[in-house]
Amino acid sequence: MARSRREMYYVDGSTVRKRTWSEAYPEERPYAPERPRRQPVRRSVTYRRAAVKAEKSLAFDLRYTLLLTAMFAIMIASCIVMLFVQGEVNNRERRITSLQQQIQTINADNAAFENNLNGMYSLEDIYKIAVGELGMVYSQNGQVIYYDGQMDDYVKQYSDIPGEK
């Protein structure tokens, strides 16, 4: 006698009453005959071939292993090259920084020397040395000759400049 869950409980008003143990779970269970076991299905030859191919495709064969090894070697080599190039870039950046500091130091020294030279002689001192020691004189009117050159870079003088006629 198979009873469903609905038959075990029933509602009477607003309360639910439970049946006794013997009523809820009777010791007698209905007999269910065992199902006959199925015979294994014989698979076709094409299915067996497909299964063998699938099994072989999952295994590591020599070609796949060599390809995987070659790719791994290429990856390791490119990592090593990248690290080497990164080291070279860092070295060059340090060298550039060092050279920039040297340039700043030299520019500061040049500016100090220029200020020192500018303060060393005044224009009056230069005039006294030029006229007194070197014998230079100011130019007179008509002594300055203007010349139009064909090139702006420099002028080469092959002979004396002709005087006034």
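Helices (H or I, at least four residues) and strands (E, at least two) are DSSP runs, numbered from the N terminus. The structure described here is a predicted model, in which local features need pLDDT of at least 70 and side-chain atom pairs count only at pLDDT 80 or more, while totals for chains, interfaces and linings use all residues. Residues are numbered from 1 along each chain as its sequence is written, and side-chain values use heavy atoms, with hydrogens and water left out.

The chain contains five helices and two strands, arranged from the N terminus as α-β-β-α-α-α-α. Its accessible surface (Shrake-Rupley method, 1.4 Å probe) is about 17,800 Å², and 57% of this belongs to carbon and sulfur atoms. Of the 165 residues, 2% count as buried, that is, under 20% relative accessible area; exposed means over 50%, and partly exposed lies in between.

Side chains of opposite charge can pair when their charged atoms come close. One salt bridge is found in the whole structure, the term denoting a side-chain nitrogen of Lys or Arg within 4 Å of a carboxyl oxygen of Asp or Glu. E124 and K128 form this contact at 3.5 Å, N to O. Both residues belong to helix α5 and stand four residues apart, about one turn of the helix.

A nonpolar surface patch of about 880 Å² includes L117, M120 and I126. Helix α5 contributes the most to the patch, with three residues. L117 is found in helix α4.

| Residue | Relative accessible area |
|---|---|
| L117 | 57% |
| E124 | 52% |

How values were computed. Patches are made of residues with over 30% relative accessible area and no salt bridge: like charges are joined within 9 Å, nonpolar side chains (Val, Leu, Ile, Met, Phe, Trp, Tyr) within 5 Å. Buried means under 20% relative accessible area, exposed over 50%, partly exposed in between (1.4 Å probe, protein chains only).
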